[in-house]
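Please look over this model with me. My notes follow, point by point.

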Amino acid sequence: MAVSAHLRTFRHAAWLGWQMESNWTRPWLFMIYSIARPIAATLILVVMFLVVKQGVANDPAMFAFTYLGSVFFMFVAQVMMGATMVIMEDREHYQTLKQLYIAPISIRVYIIGRAMSKLLLTSVSVVISIAFGILVLGLPLDLGTVDWPLFAAAMALGISCILAIGIALAGITFLTAKHSSGINEGIGGAFYLLCGTLFPLTVLPSWAQAVGMAIPLTYWLELVRRSLYPGSAMEAISGLGALGSGTIMLYLVVSTLAFLAASTLIFRYADRRARRAGKVDMTTSY
Amino acid sequence: MAYALEVSALSRAFTGKQTVVALENVDLKVKEGELFGLLGPNGAGKTTLIKILSTLLLPTSGTAKVLGYDVDGEASKIRPLINMVSGGETSGYGLLTVRENLWMFSQFYGVPGSVARERIDGLLKAFGLEDKANAKVRTISTGQRQRMNIIRGFVTDPKLIFLDEPTLGLDVTTSRTIREYIRDWVRARDDRTLLLTTHYMREAEELCDRVAIIDRGTILACGPPAELKRRMNHASTFVMDTTSFDPAPLSAVRGVKGVSADEIESGKRVRLVLEDESAISDVISAVVSRGGRIVSLNKVEATLEDAFIEMVGRGLG
Amino acid sequence: MPLNLRAAVGRAYPRVIGALREPSWTFFDVLLPLLGIAAYIYYYRALGAASSFEGFVVLGGAMTAFWLNVLWGMASQFYWEKEIGNLQLFLVSPMSRMALLAGMALGGMFSAGVRALSTLFLGLIIFDVHMTVEEPLFLAAVFLVTLIAIYGMGMMFASLFMLYGRDAWNISNLLQEPIYLVSGFYFPVRALGPWVSAAASIIPITLGLDAMRQLLFGEQALGLLPVATELVILCVLAVAFLVLARYALRYMERLGRKEGRLTLRWQ
């Protein structure tokens with residue numbers, strides 16, 4: 001299919017996604033919802049930290065490690081879920097999936113387009129959370145010392161990887177019932193646990209550390225933290241201190257490519273199975 | 001004679017950016033034991049009226065009584081006595097079987113288990129759905145699903161049932177099964193009443209004791225189909241076949257006093273209802289001037305559809 | 001059997017059967033919530049917290065099953081029912097709306113109960129968490145009253161969903177993580193300070209969790225109020241929410257009939 005056709009699909013899907021996200025009768029509720037929920041999730045960790053450590057100043061590096069991990073994980077939870085929920089919403093709720101499915105467009109491009117509104121909103125939530133962290137919670141972050149090129153490169157690769165996983169999960173959603181939207185929760189939960197999001201990988205059992213090291217998001221979070229905190233503070237905590245940033249970037253590139261390939265295969269397989277099983281226009285509510 | 005439905009000066013407006021008047025000053029009485037038809041084009045107000053009568057919607061003004069109870073203040077007395085089925089509805093749960101779905105809905109009306117089972121078995125048989133009784137609803141066809149929906153309406157043994165386009169999009173055999181059941185159901189007991197909306201004139205003509213024609217929220221006529229047709233006796237109905245022509249002048253013809261026209265086949269076949277036969281020459285001129293040639297012109301017996309066309313000014317199609 | 005009891009059983013049925021007919025739910029509902037609590041437990045370990053904190057996480061993780069069921073399986077279920085065309089058929093029927101919601105609650109409690117129990121037991125075994133049940137009857141009473149109160153609250157929310165579409169959906173979203181935060185699902189709620197924790201006590205799960213923590217972990221639970229006081233407040237909340245739900249459902253249904261919103265789809 002021509003690139004222009006993909007771009008058109010992407011543009012229209014992104015527009016549709018934004019309309020669906022933002023076209024509320026009460027915009028204030030939409031804004032609160034978009035921001036309050038992820039910030040609350042981060043604040044749970046902050047309170048857990050404060051209950052144990054009695055203050056940010058008692059372990060600022062660990063606080064920054066957890067806070068940033070939690071904030072940037074919003075991309076995984078929201079964008080990946082956004083991509084997966086496209087299938088659920090369009091099939092079961094709006095019941096438009098069958099029309100989209102037979103249209104001469106790439107469903108994967110459509111899913112990516114639809115996820116763009118989530119990406120935009122999550123970016124806003126991340127910026128607000130970081131500002132909140134610095135101004136209210138005393139997050140020790142100096143924007144003047146940030147390694148912006150490393151940050152930009154890590155974010156580009158990380159978001160690509162998150163979208164690839166989202167598409168694979170969207171494919172699997174073709175095959176599963178409505179209530180198994182737990183698939184997002186489950187995969188998201190696994191990444192949350194295994195990718196060094198809240199705590200250093202070294203806290204985990206060795207087998208879990210090995211699994212974590214095979215997931216690109218581990219390297220993405222590590223590079224995001226290193227780019228925001230150049231120096232040795234983050235490297236000392238994460239358990240990946242022995243690896244240089246270049247090596248981690250290489251790991252991130254290779255593992256992202258592997259996930260992209262796997263995502264393509266999983267989506268194709270699930271798509272075919274869904275057609276064979278007649279699940280493209282399934283509704284399963286109960 | 002007791003009335004199953006008594007509607008008086010009933011109006012309903014939907015307010016939003018623009019106010020839409022769905023029903024305006026509707027008066028209607030349906031006797032107990034009647035099979036009553038409501039005919040009207042899309043957007044005429046049929047579904048709004050059914051929603052009000054089935055206690056889903058309140059009127060803006062006027063009153064409506066269902067089986068003697070007011071829809072506004074006595075909804076809880078009406079609900080045990082009625083049921084409602086809409087054509088093309090997707091109710092129920094796809095993971096349950098047909099039998100389970102029917103049982104579930106019967107429980108919402110407090111039907112005892114053994115009675116529900118007996119009724120479900122009888123209805124599944126009557127509608128030729130016994131072999132699908134244990135199939136999950138998400139696996140059955142549209143026609144089978146619609147038969148299940150209709151069974152859902154009857155399984156609670158209502159005194160009054162609203163059927164909104166029950167045969168919409170169904171094949172001939174299924175439609176006939178449904179029509180036969182509807183007729184037998186009403187006739188089986190004196191206290192059963194059925195309000196039917198349909199797009200199919202033949203269905204209304206064949207089934208209904210009386211019919212109301214509704215358009216733009218207003219009842220235009222009400223009576224037995226034969227009486228409505230008799231009102232057409234002063235008029236003449238023609239079916240005209242032509243070679244292809246620009247159908248635009250038909251809109252002009254429709255505007256001529258005493259002439260109603262309905263295209264059966266765009267630019268080729270027209271059904272005409274004329275109060276005065278002499279107006280036929282104007283119609284022929286209109287067609288010929290647009291490049292059409294008259295292939296045949298036949299005077300036919302008036303139908304309910306002709307009555308409808310004359311009153312509404314257009315067909316249902 | 002009276003109408004409303006039949007109606008409740010009728011509505012609970014598809015929940016239980018539906019859950020059993022989709023075996024994938026076992027995997028998602030039983031094993032995956034463990035991942036979330038595992039992350040919090042390892043986080044506490046990384047922070048060097050006392051082992052009782054790991055118990056708080058397991059308890060909170062188990063109770064999320066019920067809270068999620070209240071939010072998504074009952075309150076917002078009216079939104080789904082409206083979208084698929086069931087709500088109007090429910091409302092035309094003579095059953096009480098409370099009976100319908102009670103049916104949803106009972107059916108939902110089946111899967112939520114399995115999820116909660118599995119989270120609790122697997123959490124205790126895998127992470128070697130120790131809890132001591134010294135007053136089982138007291139604990140059972142707190143648990144049951146908490147459930148009644150949160151499901152009563154869910155019934156009240158359901159009245160909103162009868163009328164409003166995605167707005168109400170978003171309210172449910174808002175009541176997820178923010179409630180985990182203010183109700184202290186993973187830490188003693190007293191840590192939030194007296195004002196926040198007092199305000200959060202209007203949500204029954206706050207005091208329910210606090211009381212259960214106290215009954216299972218004793219002094220380490222850093223309780224907000226004495227357990228007996230919390231139980232009394234929970235009883236009051238349970239009654240209040242059930243009564244409010246009844247009025248809210250009646251009011252919203254009438255408003256919906258007036259505004260023509262009961263059958264409005266694709267909002």
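**Notes on the predicted model**

1. Start with the largest nonpolar core. It has 264 residues, and W220(A), Y43(C) and M63(C) touch the most other members. Keep in mind that this is a predicted model. Helix α3 of chain A (residues 60–93) gives this core its largest share, 20 residues. Chain B takes part as well: domain 1 (3–229) and domain 2 (234–301) each supply at least three residues. As background, nonpolar side chains tend to be buried together in soluble globular proteins.

2. Next, find W220(A). Which residues is W220(A) in contact with, leaving aside its neighbours within four places in sequence? They are A154(A), L157(A), G158(A), C161(A) and L252(A).

3. Now turn to the contact between chains B and C. Chain B puts in 23 residues and chain C puts in 27 residues. On the chain B side, the largest share is three residues, from helix α3 of chain B (residues 98–107). By class, that side has 13 nonpolar, seven polar and three charged residues.

4. Check two backbone angles. Most residues other than glycine have a negative phi. N25(B) is not a glycine, yet its phi is positive, near 55 degrees. N25(B) sits in strand β2 of chain B (residues 20–31). It counts as partly exposed because it has 14 C-beta neighbours inside 10 Å.

5. D128(C) also deserves a look. Its phi is positive, about 55 degrees, and it is not a glycine. D128(C) lies in the chain C loop between α7 (97–126) and α8 (136–163). Is D128(C) buried or exposed? It has 9 C-beta neighbours inside 10 Å, so it counts as exposed; the cut-off for exposed is 12 or fewer.

Notes: Residues are numbered from 1 along each chain as its sequence is written. Chains are lettered from A and ligands numbered from 1 in the order in which they are written. This is a predicted model: local features need pLDDT of at least 70, side-chain atom pairs count only at pLDDT 80 or more; totals for chains, interfaces and linings use all residues. Two residues are in contact if their C-beta atoms, placed from the backbone, lie within 7 Å. Helices (H or I, at least four residues) and strands (E, at least two) are DSSP runs, numbered from the N terminus. Ala, Val, Leu, Ile, Met, Phe, Trp, Tyr, Cys and Pro count as nonpolar, Asp, Glu, Lys and Arg as charged, and the others, Gly among them, as polar. A nonpolar core is a set of buried Ala, Val, Leu, Ile, Met, Phe, Trp, Tyr and Cys residues joined through C-beta atoms within 7 Å. A residue is buried if 20 or more other C-beta atoms lie within 10 Å of its own, exposed if 12 or fewer, and partly exposed in between; C-beta atoms are placed from the backbone. Domain bounds come from an automatic or database domain assignment.
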